Amino acid sequence: MGFSRAPKTKNSFFCNVVCVGIVAAVALLLYLRPLTIHHEEEKFIIRSLEDSPVVKILSSAISAEPRNRDCTFFNCFDVYKCDHSQHKLKIYIYPIYKYEDHNGIPTSVPISRQFREILDTIYRSKYYVSDPKQACLFVPSLDLLNQNNIRLKETSQVLATLPYWNEGINHLLFNILPGSVPDYNPVLEVDSQKAMIAGGGFSTWTYRKTHDISIPVFSLIDNPFDLESCRQGSRHHLLTSAQINIHFEYRHEIEDLAEEHPELLVLNRCSENENSQNSTLRCKGGDTYVYPEILQDSTFCLILRGARLGQTALAEALKAGCIPVVLGNGYIMPFAEVIDWKRASITVFEENFSSDLIHVLKSISDERISEMRHQACFIWEKYFSSMEKITNTVLEILNSRIFPPIAKSYEDWNNPPSKKFGASTPLFLPTIAPKSQGFTAVILTYDRLESLFQVITKVVQAPSLAKVLVVWNNQVKLPPAASIWPKINKPLKVVQTKENKLSNRFYPYDEIETEAVLAIDDDIVMLTADELEFGYEVWREFPDRIVGFPSRVHVFDNSTKKWKYQSEWTNEISMVLTGAAFYHKYYSYLYTNSMPGDIKQWVDDHMNCEDIAMNFLVANVTGKAPIKVTPRKKFKCPECTNVEMLSADVIHMAERSECVNRFAQSYGLMTLKTVEFRADPVLYKDNFPEKLKRFNNIGSL
């Protein structure tokens, strides 16, 4: 085995036995050079293959072992290479080299745009490391996405000579189009030994469970059409077959089926475009259809095997919100390890589809179709829509395998952010929460001791208070000494946070031992004990809601086509601000661990809108609006009417409106519910003696 830099002359490469070892050492140093990536237009670009150093392969001196078919995660992956102290996968990318055989003929193909995106995604991910000694996983910088473009023998030899190859253990190869004529084997035919393959066409015969990863067959050509209206309602066609590369026997069978069932639309390549492989037109008789558009107008899309088992038609159907009907015996669906495909597709055995297919599809209810369509759109957007998302999904699956304690749950993988639990509580609580527990007051503060102490003395007067938890959000200054704090008859606990984040107020602290949490700001000094106690009583009847005092509403601005945050005093409310509100501690867990998108990060970065985020979260989970209690509306600085305050308020309202729009985008819809409802104590305004009323000290407007 030996390597050397290719000479600049055109003379044939020659090296005797003595110099082979020297050349190998030089080549090893070349391999250890870091991957060169430079920044251009805010995107990392990997240098071209043409600019890379050349490495020659002595094909006669290199042998490669075939793919180990018996590999699993437990016998072909060395988990001890991974650093378990950080619970994070670490990936090293081999440097990019231009390989030539002993005759000077290139063995490596130019790097495709799709493979560049894969390498770029790994490089920018939290998993990338530049030091191979720290790495748990190795990714060769060889473009193997399309097997038709590679020389199998020479590529196998290149893999075998990688300095950390070690029979392919802890190596990952990416492939989308496996096999070649005439057999089209559903797995990459490179001698990969024990390496994992993220492949786009696995069958049950070639897929090594817990070792390989099935990925989507992502189109290697640009699709100029934007498939919109993924979730649109009624569609004209029940089932459409629009593939043009299926076997003639399959085509005859589905055309015969279409004659019996007009609900099935069978399309083929148009005769005038017979020689065009990339045509977006489909024809049936004299009618012409545009391929992406006909998918949008179809409820179900037939996905049949072509020459290869995996088809781009699956991803294209998902993108159009067309529920895939997959007829491919033994096909391993993309990311089947984590995605529940029963929620977004129909699978029918190939031998039975002509007799069962239409009957099965007609028996599916409209409600079920709507759910499956939404799930299909979610899968497309979350896992299929770009090579970046495909790559990130592969990395997350591997990270979950290696570090099971932090692995994503079934719900994390399969529930869209807009997934609702209906109009019932997700908390499995009794109709009325027990009063015996009481509530924990969680007060977020930074350094306002005077008002903080006033709040504590006010809150402690509520009979149902069980504990006061002060979240000290100042990392520079220690909390005051115990002797300075107010003397109260209830437990008081102070927790100092590690970072100044608004989300700290919603952390599920171990000190919270009650189900009810009162989130209250350190300057809300106007609430009375009766108001707090009444708010807690209302929460006991509605423990799955946010119940509190300051309310707000969101409205749609027709001029800007955006949502607007409003604080005007109206009869309608859609938010109760958590500056003074009760909620179930379960929502602290959801806020901390299951907040969709980058909402939590946005809140912490901008130091704003954590209360709006919590309202979005609870409304999304329950499908219900919050509850405002008591008529009190004024909470902060009612006398502040100067120009500076008005200007600051305008900016504040604009920021809050931006939050509402951003959060709605993250959830995929507006989750907030608007109601005209307020809870007041019984006999509150009735002309009865005070001693007959339970809550006398309720504040006015």
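Predicted model: local features only at pLDDT ≥ 70, side-chain atom pairs only at ≥ 80, totals over all residues.

Reader: In what order do the strands of the open sheet run?

Author: Terms come before the case. Strands (E, at least two residues) and helices (H or I, at least four) are DSSP runs, numbered from the N terminus. Two strands pair if DSSP finds at least two bridges between them. Here the open sheet has 5 strands, ordered β11-β10-β14-β15-β16, with parallel pairing. The edges are β11 (264-266) and β16 (346-347). Each has a single partner strand, so one side of each lacks a neighbour in the sheet.

Reader: Over how many bridges do β14 and β15 pair?

Author: Strand β14 (residues 298-304) and strand β15 (residues 323-327) pair over 5 bridges, in the parallel sense. Cys301 stands opposite Pro324 in β15.

Reader: Which strands does helix α6 touch?

Author: Contact means heavy atoms within 4.5 Å. Axes are lines fitted to C-alpha atoms, for helices over the stretch in contact; angles run from 0 to 180 degrees between N-to-C directions. Helix α6 (residues 312-319) packs on the sheet and touches β14 and β15. Its direction makes about 170° with that of β14.

Reader: Now the cysteines. How many disulfides does the structure hold?

Author: A disulfide is a covalent bond between the sulfur atoms of two cysteines. The cut-off here is sulfur atoms within 2.5 Å. The structure holds 5. One of them joins Cys301 and Cys322, with sulfur atoms 2.0 Å apart. The torsion about that S-S bond is about 110°, so the link is right-handed. Cys301 sits in strand β14, and Cys322 in the loop between α6 and β15, 21 residues apart.

Reader: Are Cys301 and Cys322 buried or exposed?

Author: Buried means under 20% relative accessible area, exposed over 50%, partly exposed in between (1.4 Å probe, protein chains only). Both Cys301 and Cys322 are buried.

Reader: Where do Cys609 and Cys659 lie?

Author: Cys609 lies in the loop between α14 (599-606) and α15 (610-622), and Cys659 in helix α16 (residues 643-667). Cys609 is buried at 0% relative accessible area, and Cys659 at 3%.

Reader: What is the handedness of the link of Cys71 and Cys76?

Author: It is left-handed, with -75° about the S-S bond.

How values were computed: Residues numbered from 1 in each chain as written. Heavy atoms only, no water.
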